[in-house]
Amino acid sequence: MKLAYYPGCTLKATARNFEVSTLESSKKLGIDLVEPERWNCCGTVHALSKDDVMHHLAPVRNLLRVEEMKKSGLIEENRVVTLCAMCYNTLKRANQVFNTDSDKAKKINENMENETSHYEGTVTVEHILETLKSLSWDALHSKIVKPLSGLKVAPYYGCLLLRPRGIGIDNADNPTIMEELLKALGAEPVDFAYKQKCCGSYHTVYMKEVVADLSYKILDHAQRAGADILVTACPLCEYNLGPRQTEILKRVTRFNQIPVIYFSQLLALALGLGEEATVFGENKPDPRPLLRSKGLLKEKNSDDRE
Amino acid sequence: MIENNNSMVNIFVMGKKHTVPADLTIMKAMEFAGHQFKRGSGCRGGFCGACATVYRKKGSYKLQGVLACQKQVEEGMIIAQIPFSPSEKKTYNVDKINANANTFLEYYPEIARCLACNTCTKACPQDIMVMDYVQAALRGNITLAAKLSFDCLGCGLCAMRCPAEIVPYNVGQLARRLESKYIEGPTEHVLKRCEEIKNRKFDDEIEALKKAEKEKLTKLYNSREIITK
């Protein structure tokens, strides 16, 4: 299955472990993710302001690239897969604006007049979790070579995959799609009350203490519920819950660090792929001691970058 | 080539109407009309980027960006030269910076304000995909940014049109410097030539040229070897 894949900037810069683990797993599952030859910023939070047509140009231009890929036969269906939760949210919402507000749609196309074609609104934006689900969890389960038995995983959704309701990939109040994935991988999903609470988002730039406070609550609740590790689908959540644990340590002396990784890294592990696909070496804190203690990774070898 | 059709056209230079021969470039037409260039003119061959010019034509909302030395006049052109664009050009030591996205964000953080509106691309007289190279720099794809911006003359029109106030040509220059320093690395033939210059291989030749008469220089210039693709 050939699908268009929109990467976004973070996956090309700081979340390489998210991209590599997903692309390698997809290859293994027979999903051919094709990156557009030309793409630009998804638009991030700019595009979320409602009355601003100018900021919708970035996401819609990317959707136009997907239509172009379809027209030139590079992909079979007008679907684009995203990994980053921010890119998913931005592209999906811009697409919704385009398809429900014909005045804005016209203005957006008028402002992209030097493109060779106009965007027609035909693209479906989906998250890789939805793509995997559409292929059925049983089909995925049958391809697992290393079941993650005994690993207690708390899925952390954050906000961008779920809200606003109209574009969420799952029930905004009680999402289960990552639990379903984790079960298919043979892991034990851990339910906890903070799975869709805010991580502090961009406050991480200027108000680290806000993020430290919110992240601590999320991590603490997950640990109390028995989790060994958390998984997420958002590079910003990953950063705020992972590397930012050093800020929590400065404030909460009793705090015990816990690994936070992308769901795709566990997927790659369960599919039997090695460090070149799982890229655990780029996570902070390092998840490998835990995975070794659970018998899911071999003992330390010289290839590990620690 | 431009053909002489013996006709005249009307152009407007900064609002004043002039009737000029239709086969002239904007630059020559302005000189025909009495303007004398002190700034806004350089190589006259489309290489230096000094003669950035914008125009609209009667009946069209489109604002076009061109080089005055390259674009032929057309009936009804309303013309203004933009010989200089104020820009914040950062100083850095290329030996001490890293080849990654953060370097672009450190020196030109405003690139994160790019809306992907593509106005820069529309303004470019060189038909460069300006927005695409700014976007490539933003995500740390130095090779792509360097490749796409390669034909940039630094005329400044992109910077004057950008709603995010980015100065794309400085970003492109940084990309090309990082590319040649850290990714491509030094090229064999350049190193070889530097060595030859150091060993004074061409000194006699240069001295001979310096002393040559105009006639001999003209002959040499006109019979020089030109390698085309």
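**View 1. L138(B) and its surroundings.** Leaving aside neighbours within four places in sequence, L138(B) is in contact with C9(A), C41(A), A101(B), F104(B), I111(B), A112(B) and C114(B). Here, two residues are in contact if their C-beta atoms, placed from the backbone, lie within 7 Å. Everything shown is a predicted model, in which local features need pLDDT of at least 70 and side-chain atom pairs count only at pLDDT 80 or more, while totals for chains, interfaces and linings use all residues. To find your way, note that residues are numbered from 1 along each chain as its sequence is written, and that chains are lettered from A and ligands numbered from 1 in the order in which they are written. L138(B) itself sits in helix 4 of chain B; helices (H or I, at least four residues) and strands (E, at least two) are DSSP runs, numbered from the N terminus. Is L138(B) buried or exposed? L138(B) counts as buried because it has 23 C-beta neighbours inside 10 Å. The cut-offs are these: a residue is buried if 20 or more other C-beta atoms lie within 10 Å of its own, exposed if 12 or fewer, and partly exposed in between, with C-beta atoms placed from the backbone. From L138(B) to T121(B) the C-alpha to C-alpha distance is 16 Å, and the two are 17 residues apart in sequence.

**View 2. Helix 4 of chain B meets helix 7 of chain B.** Let us stay with helix 4 of chain B, residues 130–138, whose axis comes within 10 Å of the axis of helix 7 (residues 168–184) of chain B, the two crossing at roughly 55°. Axes are lines fitted to C-alpha atoms, for helices over the stretch in contact, and angles run from 0 to 180 degrees between N-to-C directions. Helix 4 of chain B and helix 7 of chain B are therefore oblique to each other; angles under 35 degrees count as roughly parallel, over 145 as roughly antiparallel, 65 to 115 as roughly perpendicular and the rest as oblique. Their crossing is left-handed, a term used if the near helix is turned anticlockwise from the far one by less than a right angle, with right-handed used if clockwise. Which residues make the contact? Helix 4 of chain B brings V130(B), Y133(B), V134(B) and A137(B), while helix 7 of chain B brings P168(B), V171(B), G172(B) and A175(B). Sorted by class, this contact has seven nonpolar, one polar and no charged residues. Ala, Val, Leu, Ile, Met, Phe, Trp, Tyr, Cys and Pro count as nonpolar, Asp, Glu, Lys and Arg as charged, and the others, Gly among them, as polar. An α-helix has 3.6 residues a turn, so residues three or four places apart point the same way.

**View 3. The two domains of chain B.** Domain 1 covers residues 8–81 of chain B and domain 2 covers 94–184, with bounds that come from an automatic or database domain assignment. Taken over C-alpha atoms, the centres of these domains are 27 Å apart. Their contact takes seven residues from domain 1 of chain B and eight residues from domain 2 of chain B. On the domain 1 side, the largest share, three residues, comes from strand 4 (residues 64–67) of chain B. That side divides into five nonpolar, two polar and no charged residues.

**View 4. Helix 8 of chain B.** After helix 8 of chain B comes R200(B), with a positive phi near 60°.

**View 5. Where chain A touches chain B.** Each chain gives residues to this contact, 14 from chain A and 14 from chain B. On the chain A side, the elements that give two or more residues are helix 1 (9–13) and helix 3 (57–71) of chain A. The chain A side has seven nonpolar, four polar and three charged residues.

**View 6. Backbone details in two loops of chain A.** In the loop between helix 14 (275–278) and helix 15 (288–293) of chain A lies P285(A), and the peptide bond from K284(A) to P285(A) is cis, with omega near -5°. V279(A) is also placed between helix 14 and helix 15 of chain A; V279(A) has a positive phi of about 50° although it is not a glycine. V279(A) counts as buried, with 24 C-beta neighbours inside 10 Å. The other loop, between helix 6 (128–134) and helix 7 (137–141) of chain A, holds S136(A). S136(A) has a positive phi of about 80° and is exposed, with 11 other C-beta atoms within 10 Å.
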